[in-house]
Amino acid sequence: MAISNVDGQKVWQRRDRNTQFKIWFAWFIGTAVFMWCWQQISAATTWQFFWDAPRIAADIGGRAVPPRWSYMDKLWEPLWDTLNIATLGTVLALMMAVPVAFMAARNTTPSALFVRPIALLIIVSTRSINSLIWALLLVKILGPGVFAGLVAISIRSIGFCAKLLYEAIEEIDETQVEAITATGASRWQVMAYGIVPQVLPAFAGIAVFRWDINLRESTVLGLVGAGGIGLQLQGSLNTLAWPQVSLILLVILFAVVVSEWVSAKVRGAII
Amino acid sequence: MLRLKKLTKIYKTGDRALNDVDLEVPTGQVLALIGPSGAGKSTLIRCINRLVEPTSGTVELGDVELTGLGLGGLRKERRRMGMIFQEYALVERLTVMENVLSGRLGYVGFWRSFLRKYPQKDVDEAFRLLDRVGLVEMADKRADELSGGQRQRVGICRALIQNPSVLLVDEPTASLDPKTSRQIMRLIVELCKERELAAIVNIHDVALAQMFVSRIVGLKLGTMVFDGTPAELTEGVLTRIYGDEDWSETIQKVEDEDEMDAAQ
């Protein structure tokens, strides 16, 4: 805030000269860095490929149309697998995430010194690794197939669900908990009456949100052999069967749109 | 009979919220606790049912010393102490009936309460209480659909269904309009009389306290500075509790309102 005195009149400006200069300088640095990066990238680009790209894309596009509709016969089963991976993976993840969340929330943790750090570690470690990488690992351990994908999805989701849930638990209204405690309720009753009703909407929201994400993620798990429609996608890409690729992409798009619709409905119903 | 002896609470921050408070509340007496914000009124109430752990001193309810109890014993004794809150503290997403029945949690096992299979006599009592406060049609509504005054009535039912021998009431009218405040205060006092309950009522509104209760205790910075009848609450006393201010209007107004009430 800058107020200066000009001829006995108080003049107000949003920023004083120093701040103004700092902001200008920050913009200058930012622009310079951007230009430099641009130059680096353009030097490293093979421009032949770049100028060629529209023609290749048009070529692939041309080969991909029309989609090979008859291939759909072979897609129903992997599609069902994909849906199962997403749904069961989410359910499994939620079952593990709920206790972790209660252990991680400051107001419900049994011990802020010992248990909470462990719970937070579980959350961070499961969250930080992408489900595709989990799947790569698990395919080696469990062998290829739907089960590896399911476990990959559920492990990746624990951290996500537990983090959102424990934040919801920490934001509850403590006076409601106090009131239930004051009636002489046991610890579990306080949980069931004072805390659970308050976090239930958040829980349902998190569940459908994560299910929605998991459906997308499970469509690519097949790329590393963990079951689902990604397996067909990879096979079709490798054999340059473009009409099949376009059909699979359409099917994935359709599945995602449906999942969006379902989660929107569910969220609307519970709030 | 509720007896506090040399009750002291020092918070971790070093704030001395209660300072050697000695207080006896005989059965059937409704006592108003007044004092400025931060005087320790809420702390005092919460030290009785140990939502806040007192630092030293004792609290006795009947012949049980509450301050020495373990967790199980404390839970059992909490059933005898009903609590009513400033912001109602109902579980917003549960129904009115569930909120009232939650007052029985101390008597009912976990699974019964979890599955909402309360004994029929508890349900009967819940309906009787809701009827008493005029909310029987609301039993199936969710608590967040009610108005402030209605919510506080549900809060009262929840406290009473515990079948308590003492009521701890924390600013019951602070979030209510003047008319509803009076109705709620009147209801609390009536119910205490019906059931011969001792009650401690924290209250900001001095005039309202004078209207309804027979004994007033003044708290200032954690120390009791006044204990007497509403009539003894003079300008001098109010200055002692709250500090310098022109109190003549406050006291004058009470008499006016009493006359208005009498005229109605």
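Chain A is divided into domain 1 (1-40) and domain 2 (74-270), with bounds from an automatic or database domain assignment.

Visitor: What should I know before I start reading?

Guide: This is a predicted model, in which local features need pLDDT of at least 70 and side-chain atom pairs count only at pLDDT 80 or more, while totals for chains, interfaces and linings use all residues. Residues are numbered from 1 along each chain as its sequence is written, and chains are lettered from A and ligands numbered from 1 in the order in which they are written.

Visitor: What distance separates the centres of domain 1 and domain 2 of chain A?

Guide: Taken over C-alpha atoms, the centres are 45 Å apart.

Visitor: How do I read the packing of two helices?

Guide: Helices here are DSSP runs (H or I, at least four residues; strands are E, at least two), numbered from the N terminus. Axes are lines fitted to C-alpha atoms, for helices over the stretch in contact, and angles run from 0 to 180 degrees between N-to-C directions. Under 35 degrees counts as roughly parallel, over 145 as roughly antiparallel, 65 to 115 as roughly perpendicular, and the rest as oblique. In chain A, α8 (residues 187-220) and α10 (residues 242-270) pack at about 180 degrees, their axes 9 Å apart. Therefore α8(A) and α10(A) are roughly antiparallel.

Visitor: How many residues of chain A and chain B are in contact?

Guide: 19 residues of chain A touch 21 residues of chain B. On the chain A side, α8(A) gives the largest share, 8 residues. By class, that side has 9 nonpolar, 9 polar and 1 charged residues.

Visitor: What does UniProt list for chain B?

Guide: An unreviewed entry places "domain: ABC transporter" at residues 2-246 of chain B; such annotations may be inferred rather than shown by experiment. Over residues 2-246, chain B is 35% helix and 24% strand.

Methods. Contact = placed C-beta atoms within 7 Å. Nonpolar A, V, L, I, M, F, W, Y, C, P; charged D, E, K, R; others polar.
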